[in-house]
Amino acid sequence: MPEKQYKNVFIFLDTDKHASPFDILTTIDVFPDAKILKYENVTVEDAEQIVHDAMFPRGPEGAGHTKIFINGRDFDRASAILGKVKECMFPPFELAVIVDPRGAYTTASAAVAKTLELSLAKNFGDLESKTVAVLAGTGPVGQMATRLYASEKANVVVTSRALQKASSLAAKVNEEFGVEAVRGAEVQSLEDVGKAIENADIVLSAGAAKTELLQLNTLRECGRKCRIVADVNAIPPLGVEGLDSNADGDELLPHVFGIGALVIGKLKNKLEAELIRKAVQQSKGIFDHEVAFDLAKKMIAEKLGKKKTSKAEPPKHWLP
Ligand SMILES: NC(=O)c1ccc[n+]([C@@H]2O[C@H](COP(=O)([O-])OP(=O)(O)OC[C@H]3O[C@@H](n4cnc5c(N)ncnc54)[C@H](OP(=O)(O)O)[C@@H]3O)[C@@H](O)[C@H]2O)c1
């Protein structure tokens with residue numbers, strides 16, 4: 001009897017009304033023969049039921065070819081779904097799980113890694129003790145970027161139009177990391193933006209699409225310490241005035257270097273494809289922001305190591 005061949009099946013658990021085609025298309029491009037099943041408006045209870053029903057029909061070997069992809073705008077629900085999925089699986093029926101709600105984990109990993117790369121390439125050092133302003137950081141991308149900066153021991157000012165939103169995010173991240181390094185700030189006016197960036201070495205503009213958050217005059221006048229500005233908003237008007245989406249370390253103002261949204265997007269797409277590949281190579285495991293950020297750091301360490309012209313020596317803890 002020939003050995004049974006299992007198709008790779010990806011089960012999308014999406015908290016949104018419509019599952020995002022972005023991640024489905026990315027998956028199909030990485031594995032054109034994969035079968036996709038999608039569930040929408042998924043709650044934590046639904047997730048338990050769906051995963052239980054996915055664990056058993058193909059037996060332990062088939063379970064190794066069945067992948068879960070957790071997605072959706074509702075960041076907290078996506079995290080709760082992950083908790084439930086982990087809780088309901090047991091050996092030998094464990095499935096590999098990719099987690100990238102609305103692309104936020106891979107986008108934030110790419111954005112933070114690109115600012116680190118530029119900082120190292122310009123000999124500004126790594127992120128430890130740097131002050132980073134994450135503008136409009138209360139969305140999925142900004143929340144995760146705030147966490148990743150905190151994990152790298154940076155001080156973070158995270159802004160929102162509502163002080164309560166920014167402060168409660170800051171308190172949550174401080175508690176998660178056992179630090180006091182994150183603080184929330186309200187931004188309602190240009191003057192508030194100026195205050196939020198006045199001590200920042202790095203600014204990451206993480207606002208909604210089509211929203212300009214930082215004007216060049218404000219950066220020039222208030223961001224005197226700032227050396228790196230990055231933007232994740234690729235849909236005009238862009239997040240930072242004058243920062244081209246394709247900028248990759250280009251000088252935005254004298255001694256201030258920019259990273260545009262399409263450059264971050266390119267690395268984001270690579271990271272997501274790599275998470276999907278890893279989830280197929282390994283029959284079980286969680287492929288989330290930690291894996292994505294680790295991959296991103298390895299990619300930049302490799303890139304910087306290959307740059308013969310750069311004098312920058314990545315600090316040891318950035319090397320794989
Ligand atoms: N480059 C890439 O590869 C890539 C991938 C995914 C997403 N993105 C982009 O990344 C950005 C962040 O994504 P996301 O899903 O985290 O964004 P989001 O949740 O849509 O928005 C982020 C924050 O922007 C603030 N905001 C909304 N409207 C605003 C306005 N009119 N003025 C000022 N602030 C406003 C809100 O904060 P408050 O209500 O707290 O003020 C919101 O929490 C988006 O531009 C998205 O298109 C890029």
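Analyst: The account below starts with the whole chain, goes on to the sheet and the ligand shell, and ends with the other strands and some backbone details.

The model is predicted; local features are given where pLDDT is at least 70, side-chain atom pairs count only at pLDDT 80 or more, and totals for chains, interfaces and linings use all residues. Residue numbers start from 1 along each chain as its sequence is written.

The protein has 11 helices and 12 strands, where helices (H or I, at least four residues) and strands (E, at least two) are DSSP runs numbered from the N terminus. Its radius of gyration is 20 Å, close to the 20 Å that the globule rule gives for 320 residues, so the protein is as compact as a globular protein of that length. That radius is taken over C-alpha atoms, and the globule rule is 2.2 Å times the number of residues to the power 0.38. The C-alpha trace spans about 75 × 45 × 35 Å along its principal axes. Of the 320 residues, 46% count as buried; buried requires 20 or more other C-beta atoms within 10 Å of the residue's own, exposed 12 or fewer, and partly exposed lies in between, with C-beta atoms placed from the backbone. Among contacts between residues at least 6 apart in sequence, 71% join residues at least 24 apart. Two residues are in contact if their C-beta atoms, placed from the backbone, lie within 7 Å.

The sheet in question is open and has 7 strands in the order β7-β6-β5-β8-β9-β11-β10, with mixed pairing. Two strands pair if DSSP finds at least two bridges between them. At the edges stand β7 (182-186) and β10 (248-253), each with a single partner strand, so one side of each has no neighbour in the sheet. Neighbouring strands are turned against each other by 25 degrees on average, direction ignored. Within the sheet, β8 (residues 202-205) and β9 (residues 228-231) run parallel and are joined by 4 bridges. Axes are lines fitted to C-alpha atoms, for helices over the stretch in contact, and angles run from 0 to 180 degrees between N-to-C directions.

The ligand is surrounded by 26 residues, the closest being Gly 139, Ser 160, Arg 161, Ala 208 and Gly 265; a residue is near a molecule if its C-beta atom, placed from the backbone, lies within 6 Å of it. Two or more residues of this shell come from each of α5, α6 (140-151) and α10 (261-281). The largest share, 4 residues, is that of α10.

Strand β1 runs parallel to β2 (residues 35-39), with 5 bridges between them, and the bridge partner of Ile 11 in β2 is Leu 37. Between β1 and β2 the chain passes through helix α1 (residues 21-30), in a right-handed β-α-β crossover. Right-handed applies if, with the strands pointing away from the viewer, the path from the first strand over the helix to the second runs clockwise. Strand β1 also runs parallel to β3 (residues 66-71), joined by 6 bridges; in β3 the partner of Ile 11 is Ile 68.

Most residues other than glycine have a negative phi, and most peptide bonds are trans. Lys 153, in the loop between α6 and β6 (155-160), has a positive phi near 70 degrees and is partly exposed, with 14 C-beta neighbours inside 10 Å. Asn 41, in the loop between β2 and α2 (44-55), has a positive phi near 50 degrees. The bond from Pro 236 to Pro 237 is a cis peptide bond with omega about -5 degrees, and Pro 237 lies in the loop between β9 and β10. The peptide bond from Pro 91 to Pro 92 is also cis, with omega near 0 degrees.
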